[in-house]
Amino acid sequence: MKEVVLSGIRSTGNLHLGNYFGALSKFVRMQNDYDCLFFIADLHALTTHPDPKSLHGNVKDIIAEYLAAGLDPEKATIFVQSDVPEIPELYLLLNMHVGIGELMRTASFKDKARKALGIKSDNDNDDIEKEIIGTDSNKRVNAGLLTYPTLMAVDILIQKAHKVPVGKDQEQHLELTRRFARRFNSFYGVDLFPEPTNFDFGGAPVKVPGLDGSGKMGKSEGNCIYLADEEKVLRKKVMRAVTDEGPQAPNSPMAQPVQNLFTLLELTSTPDVVKHFTDAYADCSIRYGDLKKQLAEDILKITLPIRERYLEIRDNDEYIARVVKQGAERARERAAKTLAEVRDVMGIKRFW
Ligand code: ADP
Ligand code: TRP
């Protein structure tokens with residue numbers, strides 16, 4: 001039997017190159033060899049209170065982008081999290097075995113709690129737990145944010161997934177998922193949940209940098225190249241990328257912003273193009289303008305076909321509905337089986 005692969009992306013806006021290289025392109029490669037499920041995590045998106053008017057459109061955008069990037073609904077199960085009511089039910093049951101302390105110590109929770117309370121420090125030693133308990137109801141950290149990892153664990157465990165392709169930032173959530181699975185199995189003396197692992201096609205998980213010279217490309221960093229960017233907009237973003245004054249002596253070390261451009265070039269261009277610019281940097285003949293033009297060209301080769309298909313699919317409500325209806329049916333059938341097993345081992349039985 002094929003191993004089960006599952007992954008999801010929150011519906012918080014269009015997908016960018018970080019999502020593409022960190023997650024989506026891996027999904028596309030995996031669909032031929034594994035029993036795959038890919039979904040849109042709209043319930044997770046609720047933890048940061050999206051505008052109700054835009055949530056549905058955001059979900060639709062990601063479905064269209066999944067399909068435009070090459071996910072095939074005949075090979076992989078594509079569904080929306082909120083279409084599977086078995087997930088919230090198992091979330092309630094699993095929470096009975098999850099500690100408030102371990103959730104409070106999760107890095108992503110501390111981060112989001114600080115944001116919700118307007119605390120700047122990212123010092124791990126600050127007493128965020130005390131701050132949270134002391135807050136009044138106007139300035140609260142919602143319980144959904146705290147139990148985010150339970151919900152993510154349920155997404156994975158309810159499908160009994162073995163492999164979960166995600167970026168490095170999700171490692172801690174996966175570690176918690178394994179812990180919850182082990183705990184549940186041993187508490188009830190069963191072997192119900194497999195322990196899932198991250199997945200990469202060899203090598204380290206990628207971290208796609210931003211064009212602003214700083215860390216990773218991310219929605220909240222405001223430094224994204226989107227798969228759906230128009231050609232002109234995309235070229236402009238690349239041409240404006242931060243660089244430095246150029247190498248002053250042969251074989252000088254590369255500053256971070258320039259390194260970032262090369263990282264993007266390695267992801268999108270051919271090895272000989274990368275070599276050409278690496279050599280030009282080493283002998284100081286490089287012109288960043290040429291590098292950026294080439295980079296924009298190579299990014300567009302990947303994104304423009306996706307953008308075109310995305311615009312087409314997004315307008316085809318009937319097709320989207322068909323894909324996610326079929327996906328929901330498949331996902332629910334499997335989820336319902338797991339949920340029935342869980343209810344049984346926990347001793348929840350019907351009288352009728
Ligand atoms: P964002 O950080 O923009 O809010 P998400 O947290 O929704 O993106 O991430 C969805 C998926 O894309 C996750 O698997 C995450 O690891 C991956 N991802 C996001 N940004 C990057 C990046 N810059 N490099 C590599 N992977 C990324
Ligand atoms: N937490 C993930 C993110 O922010 C999204 C997600 C929710 C997910 N449930 C999941 C990823 C299950 C993999 C498997 O990117």
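These legends describe close-up views of a predicted model.

**View 1. Two domains in one protein chain.**
The chain divides into domain 1 (4–98 + 147–206 + 317–346) and domain 2 (231–311). Their centres, taken over C-alpha atoms, lie 34 Å apart. Contact between the domains involves 10 residues of domain 1 and 9 residues of domain 2.

**View 2. The area buried between domain 1 and domain 2.**
About 800 Å² is buried between the two domains. Carbon and sulfur atoms give 78% of that area. On the domain 1 side, Leu17, Phe21 and Ala68 supply 60% of the area buried against domain 2. Salt bridges between domain 1 and domain 2 number 0. Polar contacts between these domains come to 3 residue pairs, both residues of each at pLDDT 80 or more.

**View 3. Helices on the domain 1 side.**
Helices α1 (17–30) and α3 (52–68) each supply at least two residues of the side of domain 1 that touches domain 2. Helix α3 gives the most, with 4 residues. By residue class, this side of domain 1 holds 7 nonpolar, 1 polar and 2 charged residues.

**View 4. Lys60 and its salt bridge to Asp317.**
Lys60 sits in helix α3. Leaving aside residues up to four places away in sequence, Lys60 touches Arg314, Asp317 and Ile320. With Asp317 the side chain of Lys60 forms a salt bridge, at 2.8 Å from N to O. Asp317 belongs to helix α15 (residues 317–346), and 257 residues separate it from Lys60, so the pair links distant parts of the chain. Glu129 is 69 residues from Lys60 in sequence, and their C-alpha atoms are 37 Å apart in space.

**View 5. Arg314 and Asp61.**
Arg314 is partly exposed at 30% relative accessible area. Asp61 counts as buried because its relative accessibility of 12% is under 20%.

**View 6. Arg178 and Glu175 within helix α10.**
Arg178 forms a salt bridge with Glu175, and the closest N and O atoms are 2.8 Å apart. Both residues lie in helix α10 (residues 171–188). They are 3 residues apart, so about one helical turn separates them. Arg178 is buried, with 14% relative accessible area. Glu175 is partly exposed, at 38%. Elsewhere, Glu102, Arg179 and Arg183 are joined into one network by salt bridges that share partners. The structure holds 22 salt bridges.

**View 7. His97 in a loop between two helices.**
Where is His97 found? His97 is in the loop between α4 (86–95) and α5 (100–104). His97 is buried because its relative accessible area, 14%, is under 20%. Not counting residues up to four places away in sequence, His97 touches Glu102, Arg183, Phe184, Phe187, Tyr188 and Met346. Of these, Glu102 and Arg183 also belong to the salt-bridge network with Arg179.

Definitions and conventions
Residues numbered from 1 in each chain as written. Chains lettered and ligands numbered in written order. Predicted model: local features only at pLDDT ≥ 70, side-chain atom pairs only at ≥ 80, totals over all residues. Heavy atoms only, no water. Domains from an automatic or database assignment. Contact = heavy atoms within 4.5 Å. Buried area = accessible area lost by both parts, 1.4 Å probe. Salt bridge = Lys/Arg side-chain N within 4 Å of Asp/Glu carboxyl O. Polar contact = N/O pair within 3.5 Å; in protein donor to acceptor, adjacent residues only side chain to side chain. Nonpolar A, V, L, I, M, F, W, Y, C, P; charged D, E, K, R; others polar. Buried < 20%, exposed > 50% of the residue type's maximum accessible area, 1.4 Å probe, protein only.
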